[in-house]
Amino acid sequence: MKKFMIGNWKMNQSLSEINAFFNDLNLTGVNCETWIAPQALHLSTLLLKASGTNIKVGAQNISEEKSGAFTGEISPVALKDLGCSFSLIGHSERRSLFNESNAVLNKKVLLNQSLGLTSVFCVGEQLEERENGMTDAVLKHQIVEGLKNYPESALDQLIIAYEPVWAIGTGKVATPEQAEETHYGIRTVLVELFNRAGAQIPLLYGGSVKPANAEGLLSQENIDGALVGGASLKGEDFSKLSQIASKLSK
Ligand code: PGA
């Protein structure tokens with residue numbers, strides 16, 4: 001499987017920083033999946049910048065509604081219309097800062113799927129949950145609720161990103177062994193839900209991934225790529241990350 005390197009730019013990057021990113025970007029020989037989720041206002045800019053490259057562009061969030069009187073929301077129909085191919089769904093910042101419930105996230109995943117867009121569905125436990133031995137149960141709950149009624153026939157539009165909340169933006173990264181063990185647990189849940197096809201769903205790790213630790217993580221059997229925040233903002237670092245993912249792609 002080709003490894004994935006997905007940059008989540010969050011609410012960062014000015015237009016001049018985006019220009020600098022592309023000036024510094026070097027994807028020569030890179031053959032992994034290279035995706036970027038800029039803030040919504042920059043989607044069109046990114047699509048233009050990425051044309052002629054293999055980079056796919058998507059959103060960080062979508063509305064659970066197609067269109068209508070939802071001031072300030074991001075329509076997945078418009079996203080598709082624009083030429084984007086995916087959206088992150090259920091990032092821990094959406095869950096905690098914007099109170100997105102599993103039920104709402106499930107609506108978003110199903111809507112995205114029905115429109116032909118790929119969902120990068122994010123799950124993760126809080127530090128306290130890990131310390132209390134609840135990681136597997138928390139992740140299973142998020143997955144079972146978030147993917148309720150997801151059709152087995154559309155698994156090629158689904159990616160799971162495991163991001164321990166305690167590792168996001170903190171510099172504290174899960175060890176490759178910790179991440180692999182958790183991914184193995186997630187894989188088991190996906191096989192329970194989708195039978196053998198569940199074993200093919202790409203599972204990405206996220207949380208303080210950077211060029212210095214990416215190889216150890218991405219070498220693990222059940223880690224199919226990374227969702228990267230801070231280290232995806234600079235073209236040079238994102239190039240290095242993509243080269244590592246590419247080297248480990250089969
Ligand atoms: P980070 O963010 O790489 O800055 O920890 C990851 C994410 O939130 O997707």
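A polar backbone atom of S208 lies 2.7 Å from an oxygen atom of the ligand. The model is a predicted one, and the distances below are computed from it.

| Residue | Protein atom | Distance to a ligand oxygen atom |
|---|---|---|
| S208 | polar backbone atom | 2.7 Å |
| K10 | polar side-chain atom | 2.7 Å |
| G229 | backbone N or O atom | 2.8 Å |

The ligand taken alone exposes 280 Å², of which the protein buries 94%. Around the ligand there are 13 residues, and those that come nearest are K10, H91, E163, G169 and S208.

The largest nonpolar core comprises 58 residues. Within this core, M5, F121, L147, I160, I186, L190 and Y205 have the most contacts. Helix α8, residues 176-194, supplies the largest share of the core, namely five residues. I160 illustrates the packing: leaving aside neighbours within four places in sequence, I160 is in contact with F121, V123, L147, I186, L190, I201, P202, L203 and L204. A second, separate core has twelve residues, among them A37, L88, C122 and L204.

Helix α9 spans residues 211-218, and its residues N213, A214, L217 and L218 are buried. Viewed down the axis of α9, the buried residues fall within an arc of 125 degrees, so they line one face of the helix. The elements covering these buried residues include β1 (4-8), α8, β7 (203-206), β8 (225-228) and α10 (235-247).

How values were computed:
Residues are numbered from 1 along each chain as its sequence is written. This is a predicted model: local features need pLDDT of at least 70, side-chain atom pairs count only at pLDDT 80 or more; totals for chains, interfaces and linings use all residues. Side-chain values use heavy atoms; hydrogens and water are left out. A nonpolar core is a set of buried Ala, Val, Leu, Ile, Met, Phe, Trp, Tyr and Cys residues joined through side-chain atoms within 4.5 Å. Buried means under 20% relative accessible area, exposed over 50%, partly exposed in between (1.4 Å probe, protein chains only). Helices (H or I, at least four residues) and strands (E, at least two) are DSSP runs, numbered from the N terminus. Contact means heavy atoms within 4.5 Å. The arc is that of the directions from the helix axis to the C-beta atoms. A residue is near a molecule or strand if one of its heavy atoms lies within 4 Å of it. A polar contact is a pair of N or O atoms within 3.5 Å; within protein, one must be able to donate a hydrogen and the other to accept it, and residues adjacent in sequence count only if both atoms are side-chain atoms. Accessible areas come from the Shrake-Rupley method with a 1.4 Å probe; for residues, only the protein chains shown count as cover.
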